[in-house]
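This note is for a colleague who has not worked with this structure before. The points are numbered and can be read in order.

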Amino acid sequence: MPKVYMSEKERVNARIRRTICGYMSERKIRQIDLADVWGITQQAAGYKLKTGSITLEKLERANRILQIEPDDLVSMFGGRR
């Protein structure tokens, strides 16, 4: 199987996506709930989660209902572990 090389931006987006989806699953939060917080449609929220294209503003709004741990927030952006 060939090796796959990801850029740093792709790795960060993947970590953000995994963390948010994990907290959604753990806390039983649906895409529609995130969409309401973000002020967008459910389909747009699903697209943002799929691509990992979530701005810091959207992350801050999502954190209101997800209540992400501070250590997880730091590690999402490649900070200390």
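1. A salt bridge here is a side-chain nitrogen of Lys or Arg within 4 Å of a carboxyl oxygen of Asp or Glu. Asp 33 and Arg 30 form such a pair, their closest N and O atoms lying 3.4 Å apart. By this rule the count comes to six salt bridges. Side chains of opposite charge can pair when their charged atoms come close.

2. Some notes on the basis of the values. The model is predicted, so local features need pLDDT of at least 70 and side-chain atom pairs count only at pLDDT 80 or more, while totals for chains, interfaces and linings use all residues. Residues are numbered from 1 along each chain as its sequence is written, and side-chain values use heavy atoms, with hydrogens and water left out.

3. Burial is used throughout what follows. Buried means under 20% relative accessible area, exposed means over 50%, and partly exposed is in between (1.4 Å probe, protein chains only). In the pair from point 1, Asp 33 is partly exposed, with a relative accessible area of 24%, whereas Arg 30 counts as exposed at 53%.

4. Helices are DSSP runs of H or I with at least four residues, strands are runs of E with at least two, and both are numbered from the N terminus. Within helix α1, Arg 11 and Glu 8 are three residues apart, or about one helical turn. Their side chains meet in a salt bridge at 3.0 Å, N to O. Arg 11 is partly exposed at 36% relative accessible area, and Glu 8 is partly exposed at 44%. A network of salt bridges links Glu 8, Arg 11 and Arg 15.

5. A further pair is found in helix α4. Glu 60 and Arg 64 both lie in this helix, four residues apart, which is about one turn. A salt bridge joins their side chains at 3.6 Å, N to O. Glu 60 has 45% relative accessibility and counts as partly exposed, while Arg 64, at 54%, counts as exposed.

6. Which residues of α4 (residues 56–66) are buried? They are Lys 58, Leu 59, Ala 62 and Leu 66. Seen down the axis of α4, these buried residues fall within an arc of 95°, so they line one face of the helix. The arc is that of the directions from the helix axis to the C-beta atoms. On the other side of α4, Leu 56 and Arg 64 are exposed. The buried residues of α4 pack against α1, α2 (31–38), α3 (42–51) and α5 (70–76). Gln 67 follows α4 and has a positive phi, near 55°.

7. Helix α3 can be described in similar terms. Ala 45, Gly 46 and Leu 49 are its buried residues. They cover an arc of only 100° around the axis, which puts them on the same side of α3. The face turned away from that buried side carries the exposed residues Gln 43, Tyr 47 and Lys 50. Among what covers the buried residues of α3 are α1 and α2. Gly 52, with a positive phi near 75°, follows α3.

8. Next, the interior. A nonpolar core is a set of buried Ala, Val, Leu, Ile, Met, Phe, Trp, Tyr and Cys residues joined through side-chain atoms within 4.5 Å. The largest one has 17 residues, and those with the most contacts inside it are Ile 20, Met 24, Leu 34, Trp 38, Leu 49, Ile 54 and Leu 66. Two or more residues come from each of α1, α2, α3 and α4. The most is given by α1, with five residues.

9. Contact means heavy atoms within 4.5 Å. Not counting residues up to four places away in sequence, Leu 66 touches Ile 20, Tyr 23, Met 24, Arg 27 and Ile 29.

10. Is Thr 19 buried or exposed? Thr 19 counts as buried, at 17% relative accessibility. Its place is in helix α1 (residues 8–27). Leaving aside neighbours within four places in sequence, Thr 19 is in contact with Ile 68, Asp 72 and Met 76.

11. Last, the start of the chain. Pro 2 sits in the segment before α1 and counts as exposed at 68% relative accessibility. Pro 2 and Leu 56 are 54 residues apart along the chain, and their C-alpha atoms are separated by 34 Å.
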